[in-house]
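Please open the model in your viewer and keep the selection panel at hand. The stops below say what to select next and what is there.

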Amino acid sequence: MIAVLEEISVHPKPSAANRRRAFLPVDATTAQRPDHALMLAVRDGELDALGELFERHHGPLFGFLVKFTGDRAAAEDIAQTVFQRMLKYRHTYRDDGSFTAWMYHLARRCAADHFRKSSAGPRATDPLNLNDRADDAPHAADRATAHDDHALLHAALAQLDQDDREVLLLARFQELSFAEIAGLLECSVGAAKVRAHRALRTLRDIYFQLQKEPLS
Amino acid sequence: MNCQSAREIFPELLDHRTAAAAHPEARAHLANCPECQREFSALSQTLAALDAMPTPTPSPRLRKNFYAMLEEEKNSAASVQVATAREHRTRRGMFWAWILSPIAAGALLVLGFFAGARYAPVPTAPDNSAALHKEIAGLREKIDTMGQLVGYSLLQQQQRPGNDRLRGVLTSAKLESPDDAALNDLIGSLAFDTSTNVRLRALEALYPHAEKPVVRTAVLVSLPREQSPLVQVAMIDFLAAARDQDAAPTLEKISANETVDGSVREAARRALTQL
């Protein structure tokens, strides 16, 4: 029984700290200050502290945005805008705030602006795209490129509803508590958990379906 | 625990942050339910694939743009601080200017008053040069003389009838060396007598005494007041004959005055050429 449980045990998620380390510099003194203290310093005029926050968080933020938008260039632009807004609205950062939650709050707003401007998300909601397809199966051109698991997963993510994709990425990658995610999504903690799990099951269905389909 | 209840616990078991918490009933069900094992395994594999997705690395452009933006914001914040400080200083300066300006003005006024009272030079008499005094005295004497003459002449006119005045003038003219009183009579008649004939006769009587300054001055003073062109021309001829240089300005004025009779202006121009 123990063997069964070990077999089906949860794969440990790569530590966000390890992921950040790839982008981290350097300064040991500022590195010891927590995010919240750094952002409070930025709010009080020590703008250089934002540099440390950028080094800590721009990598995970960019990764989230790439998965969320499916577009590297757009993800870079949005990440740039997020840090720009941090500077612009630094006076609104609250004493009792969480920097990570605030950053993803800004990121969601910026991404929403991006989707509004581009008038369509990565989902195939454009009628022109729908006309190209006889069913929900991926386009032949898409399947031709989905020749490994990563590509399949990217394709599966792209087919997820935007809200499902968002809650799944926030819950899985960004080390946000469900209380913080619930705050971002403006729903209860229970609702946030249900939405995250439902999104995971939908992704699984799409992912396994794509795996079964022969490549053209 | 049935499958439904166990699957409700799956999110907790799949989350590494909550998986460690004991869920003995769910774990027990999972160990004995192949269907739930497949479901859990599929979800776990999906998550594993998701976690295994490579983390994309942003291009250097993102970092470069960020630090450029940060630098720009720092400069902007610094300039805003400088501008705010300058404005604060300006306002403070204006406040003190409002307060101190009236005080300073009052202080300067008081200081000026006391300084003036202490150091201002006492007014002194003008330079009493001998020449100046002499000239002033001469002028004053002339004025006094003229005033006496005028008064005397007026008195004479009022007191004497026309024929007597003409007779008096003729009498005075016959005198070879008339005294001052006689000359005063003639000058008074020239200046103030209402009769043109009397004035002309008085002027003729004064010709022999033209060398005397008082006579020339009397004629020159009487000239602008004279209304008769006939007497005016006679007076101008008198002054030209006497070579009175002091008459030149008066003659020039007459020659230039368009309202004056033409014969008078012509006489004045002629006299000026003689002078």
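How many nonpolar, polar and charged residues does the lining of the second largest pocket have, by class? It has 6 nonpolar, 5 polar and 6 charged residues, where Ala, Val, Leu, Ile, Met, Phe, Trp, Tyr, Cys and Pro count as nonpolar, Asp, Glu, Lys and Arg as charged, and the others, Gly among them, as polar.

Before going on, please note that this is a predicted model, in which local features need pLDDT of at least 70 and side-chain atom pairs count only at pLDDT 80 or more, while totals for chains, interfaces and linings use all residues. Residues are numbered from 1 along each chain as its sequence is written, chains are lettered from A and ligands numbered from 1 in the order in which they are written, and side-chain values use heavy atoms, with hydrogens and water left out.

**Stop 1: the second largest pocket**

Select Arg94(A), Ala101(A), Trp102(A), His105(A) and Leu184(A), which among the 17 lining residues of the second largest pocket lie nearest its centre. The space in this pocket comes to about 370 Å³, and α7 (99-118) and α12 (178-185) of chain A each give at least two residues to the lining. Helices (H or I, at least four residues) and strands (E, at least two) are DSSP runs, numbered from the N terminus. On a 1 Å grid over the protein atoms alone, a pocket is an open set of points with protein on both sides within 12 Å along at least five of seven lines, a cavity is a set where a 1.4 Å probe fits but cannot get out, and lining residues have an atom within 4 Å of a point. Grid points are joined across faces, edges and corners, and a volume is the space filled by probe spheres set on the points.

**Stop 2: the largest cavity**

By this rule there are 2 cavities of 30 Å³ or more, and the largest cavity holds about 200 Å³ of space. Select Ala171(A), Arg172(A), Phe178(A), Pro11(B) and Asp15(B), the closest to its centre of the 15 residues that line it. At least two lining residues come from each of α11 (162-173) and α13 (189-212) of chain A and α1 (3-14) of chain B, and α13(A) supplies the largest share, 4 residues. By class, the lining of the largest cavity divides into 8 nonpolar, 2 polar and 5 charged residues.

**Stop 3: the nonpolar cores**

Next, select Leu50(A), Leu61(A), Val82(A), Met86(A), Tyr104(A), Ile181(A) and Leu50(B), the residues with the most contacts inside the largest nonpolar core, which has 75 residues. Helix α5 (residues 49-69) of chain A gives this core its largest share, 10 residues. Such a core is a set of buried Ala, Val, Leu, Ile, Met, Phe, Trp, Tyr and Cys residues joined through side-chain atoms within 4.5 Å; buried means under 20% relative accessible area, exposed over 50%, and partly exposed in between (1.4 Å probe, protein chains only). Centre the view on Leu50(A): leaving aside neighbours within four places in sequence, Leu50(A) is in contact (heavy atoms within 4.5 Å) with Met39(A), Val42(A), Phe83(A), Met86(A), Leu87(A), Phe66(B) and Leu70(B).

**Stop 4: Gln232(B)**

Move to helix α10 of chain B, where Gln232(B) is placed. Gln232(B) counts as buried because its relative accessibility is 11%. Not counting residues up to four places away in sequence, Gln232(B) touches Leu223(B), Glu226(B), Gln227(B) and Val264(B).

**Stop 5: two positive phi values**

Most residues other than glycine have a negative phi. In the loop between α12 and α13 of chain A, select Glu186(A), whose phi is positive, near 55°; at 73% relative accessibility, Glu186(A) counts as exposed. Then select Arg243(B), in the loop between α10 and α11 (248-256) of chain B. Arg243(B) has a positive phi of about 55° and, at 49% relative accessibility, counts as partly exposed.

**Stop 6: the chains and their confidence**

Finally, colour by chain. Chain A has 13 helices and 0 strands, and buried residues make up 45% of its 216 residues. Chain B has 12 helices and 0 strands, and buried residues make up 33% of its 275 residues.

Colouring by pLDDT, the predictor's confidence in each residue, from 0 to 100, gives a mean of 80 for chain B, with 81% of its residues at 70 or more. Among the elements of chain B, helix α6 (residues 162-174) has the lowest mean pLDDT (64) and helix α10 (residues 229-241) the highest (89). Where pLDDT is low, the predicted coordinates should not be read in detail.
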